[in-house]
Amino acid sequence: VEDDVPPQTLESRTLESVAKYITERKVRRIVVMTGAGISTAAGIPDFRSPDTGLYANLARLNLPYAEAVFDISYFRNNPLPFYTLAHELYPGRYRPTVTHCFMKLLYDKGLLLKLFTQNIDCLEREAGVPGEMIVEAHGSFASQRCIECKTEFPDTMMKKAVQEREVPRCLRKTCNGLVKPDIVFFGEALPEAFHRNRTLPAAADLAIIMGTSLSVQPFASLPSYVREETPRILINLERVGGLGSRADDVLLLGECDAGVRKLADALGWLDELEDLWQRT
Ligand code: APR
């Protein structure tokens, strides 16, 4: 990287080269990996940002440690902190961001190979990305079941319980176990869909990593499965994971929505993106 080039020029040159790569090399298979940072602009706090992150703001739930709110053994003892949080995070109150719409645009253009998300807010689906294109590595609020006998729990009853901050229990009276959304808690296995698709990044022509601290395994290993010669673009407030260590890595450090707008602009898709976002 030339030191004497002002960052702005360097960035626009970099964006131009990425856009050229996508158009001239007929990139067809873009793998996207995302985290909570793409939904903060929708009003959903992320986890680890110093002041605004969820883990900095759970003190009022007097947890032994912040991540206990998503710990299965803690939940079994005391489900109330999670259900207090669920009331705030439950889908339906938030709108997809420009970043979610950018991923829909990739799909519409036939360029999306797969979208791996750690988010549980279902905003990717709400933006119109088809379910089969998404790997919700940490599950989502889309379904729920008893943690003891695994009996599914009806969506309508779940929505009501969350709205009323009640802790739902298994419908089978002989069981009466706690009901939990199909979100992957610490101590639980990731969905089979994650393991089935985890080598897919090796088939990508381009990887875009957005809004994640890459601090939770095994998701955090996904960018390392991208082939050495495949460019990886990080769009994030801060540099994370091993991104930037490879010759073809591109760092767009800053807000996700600003980053995807710059990338869309370099590709000549900005009007299309803004129009899609207005309609979402
Ligand atoms: N634009 C760009 N980057 C952002 C923005 C934004 N508007 N807002 C936050 N970020 C960045 C932060 O700087 C941070 O690097 O997004 C990242 C968010 O990191 P985390 O809060 O750790 O969220 P995430 O990586 O999704 O967490 C992974 O941890 O608690 C578990 O299961 C939970 O899925 C979650 C996992």
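Trainee: Which residues does UniProt list for "binding site"?
Mentor: The model is a predicted one, and the unreviewed UniProt entry lists C146, C149, C170 and C175 under that heading. They gather at one spot, because no two of their C-alpha atoms are more than 8.8 Å apart although they span 30 residues in sequence.

Trainee: Why is C146 called buried?
Mentor: Buried means under 20% relative accessible area, and C146, which is placed in strand 4, has a value of 0%, so the term applies.

Trainee: What makes C175 partly exposed?
Mentor: The term covers values between the 20% limit for buried and the 50% limit for exposed; C175 has 25% relative accessibility and therefore counts as partly exposed. C175 lies in the loop between helix 6 (155–163) and strand 5 (179–183), and, not counting residues up to four places away in sequence, it touches C146, E148, C149 and C170.

Trainee: Why does H138 count as buried?
Mentor: H138, which the unreviewed UniProt entry annotates as "active site", has 13% relative accessibility and therefore counts as buried, the limit being under 20%. H138 is found in the loop between strand 3 (134–136) and strand 4 (139–146).

Trainee: How do you know that D71 has no salt bridge?
Mentor: A salt bridge requires a side-chain nitrogen of Lys or Arg within 4 Å of a carboxyl oxygen, whereas the nearest side chain of opposite charge to the buried D71, that of R76, is 8.1 Å away. The side chain of D71 does reach the backbone nitrogen of Y74, at 3.0 Å.

Definitions and conventions: Residues are numbered from 1 along each chain as its sequence is written. This is a predicted model: local features need pLDDT of at least 70, side-chain atom pairs count only at pLDDT 80 or more; totals for chains, interfaces and linings use all residues. Side-chain values use heavy atoms; hydrogens and water are left out. UniProt positions are given in the numbering used here, feature names are shortened, and annotations may be inferred rather than shown by experiment. Helices (H or I, at least four residues) and strands (E, at least two) are DSSP runs, numbered from the N terminus. Buried means under 20% relative accessible area, exposed over 50%, partly exposed in between (1.4 Å probe, protein chains only). Lys and Arg count as positive and Asp and Glu as negative; His and the chain ends are not counted. A polar contact is a pair of N or O atoms within 3.5 Å; within protein, one must be able to donate a hydrogen and the other to accept it, and residues adjacent in sequence count only if both atoms are side-chain atoms. Contact means heavy atoms within 4.5 Å.
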